[in-house]
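Work through the exercises below with the structure in view. Try each task before reading its solution.

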Amino acid sequence: MKVRKFNVQDMREGMMRVKDELGPNAIILESRRVRSKGLIGFFAPSRIELTAAVDNTASRTHDPEPPPPRELDKGIREELSDLKKIISRLVVREEKPAEAKGKESELLQRWRVHLEQQEVIPELIHELLEELSSFVNEELRLPEEVASLFLRKSLRKRLKTMPEKGAPVQVFVGPTGVGKTTTLAKLAARYALYQGEKVGIITIDHYRIGALEQLRTYSDITGLPLEVVMTPKDLRRAIEKFSWCQRILIDTAGRSTLNTSHIQELAGYLQNLPPAEIFLVNSATTKMRDLKLITDNFRSMNYNRLIFTKLDETASYGLLLNSIHYTRLPLIYLTMGQSVPDDICVADVDKIAALILGEEE
Ligand SMILES: Nc1nc2c(ncn2[C@@H]2O[C@H](COP(=O)(O)OP(=O)(O)OP(=O)(O)O)[C@@H](O)[C@H]2O)c(=O)[nH]1
Ligand SMILES: [Mg+2]
């Protein structure tokens, strides 16, 4: 801004000089009457002092118009336009991963790694992180505890448990060595000792040497009656025989997941059962790929509940979630040791979520 003072006789002269010297955009900031100093000044007519200013940039508007750009050669123009396109593509390519990485970074990346370590299947990890990331977008700076609370909520939605229903007839099926007989013994003892129920045990496991002895030992310790059946007809008879019992628990021989004819044979036993809870028993140490096979190949057994054993032998719990997701069935019991009857508990959604999120040992 350019500021100048003018000493003029009257306003008319002042305006003309301001316009002449500073241009038409000048503005008058101040005007005041003044007298010359001394005696002469006292008798002389007063004058006007004007303070005027002009904005330098505004005055530039009066600069002559810049000359029109020279027409570019057509070839150069095309080259420039191609270059522009290439640069814009490069910029997009650079920005996208950075942006994605930014979103995934820290919080989401950490949870992705955690859920992978928990062996949650990619499909579910994707769903869980999608939900979390849409939440993160809304709440930009999300504290860690809020993220795990949010994930816990998402897991709760997907985990399915049920209060211990305790149907009068309960059957335990599943692959070899997962803990069917031990789990049955734990539950039989709980029903009989803690709930004072009359319990009968049936086994259709006459394949494995020692299987009968194992169950007979439990039956002797607890004093619960045991029936061994060799045919489907036998099974029906044994169930009738135990009609005085409030609870009948049926053990089955472990079957190799890949031996479908053995599985079919066992399924034949279970065809004419009264309404029963049929538990598919799996070890929490099973590989995910195998678990998928087991849940598929044992379908002919019409299992309707899940049990996971050997939680004490693993530190990854995603399998529990995956299995509920695949079968859409509720998980009822978890076992965590060999001790009969203590090492068993009713599955609880919050506990499972906490295990998967690494909040509980
Ligand atoms: N660590 C641990 N071991 C368990 C658990 N449940 C069962 N076991 C052990 O697993 C082994 C096999 O248990 P069983 O009950 O015989 O398994 P099963 O499914 O009946 O086996 P088959 O009848 O041969 O198919 C035994 O040594 C049990 O003590 C558990 O929750 N944790
Ligand atoms: Mg057994």
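Predicted model: local features only at pLDDT ≥ 70, side-chain atom pairs only at ≥ 80, totals over all residues.

**Exercise 1: A second pair**

Classify the crossing of helix H7 (residues 144-158) and helix H14 (residues 349-356), whose axes come within 9 Å.

Solution. 
Step 1. These axes cross at roughly 125°.
Step 2. Roughly perpendicular covers 65 to 115 degrees and roughly antiparallel begins over 145, with the rest counted as oblique.
Step 3. H7 is therefore oblique to H14.
Step 4. H7 passes H14 in a right-handed crossing.
Step 5. On the H7 side the contact involves Arg 152, Leu 155 and Arg 156; on the H14 side it involves Val 349, Asp 350, Ala 353, Ala 354 and Ile 356.

**Exercise 2: A loop residue**

Is Ile 121 buried or exposed? Which residues does Ile 121 contact, leaving aside neighbours within four places in sequence?

Solution. 
Step 1. Ile 121 sits in the loop between helix H5 (107-117) and helix H6 (122-138).
Step 2. The relative accessible area of Ile 121 is 8%, and buried means under 20%, so Ile 121 is buried.
Step 3. Its contacts, with those neighbours left aside, are Met 288, Asn 322, His 325 and Tyr 326.
Step 4. Ile 121 and Leu 319 are 198 residues apart in sequence, yet their C-alpha atoms are 8.3 Å apart in space.

**Exercise 3: The nonpolar cores**

Which members of the largest nonpolar core touch the most other members?

Solution. 
Step 1. This core has 62 residues, and the members in question are Val 171, Ile 202, Ile 250, Phe 308 and Leu 331.
Step 2. At least three of the core's residues come from each of domain 2 (75-158) and domain 3 (169-356).
Step 3. Apart from this core lies another, of 21 residues, including Phe 172, Leu 184, Tyr 191 and Leu 226.
Step 4. For the protein as a whole, buried residues make up 43% of the 361 residues.

Technical notes: Residues numbered from 1 in each chain as written. Chains lettered and ligands numbered in written order. Heavy atoms only, no water. Core = buried A, V, L, I, M, F, W, Y, C linked by side-chain atoms within 4.5 Å. Buried < 20%, exposed > 50% of the residue type's maximum accessible area, 1.4 Å probe, protein only. Domains from an automatic or database assignment. Axes fitted to C-alpha atoms, helices over the stretch in contact; angles between N-to-C directions. Helix = DSSP H or I, 4+ residues; strand = E, 2+ residues; numbered from the N terminus. Parallel < 35°, antiparallel > 145°, perpendicular 65-115°, else oblique. Left-handed = near helix turned anticlockwise from the far one by under 90°. Contact = heavy atoms within 4.5 Å.
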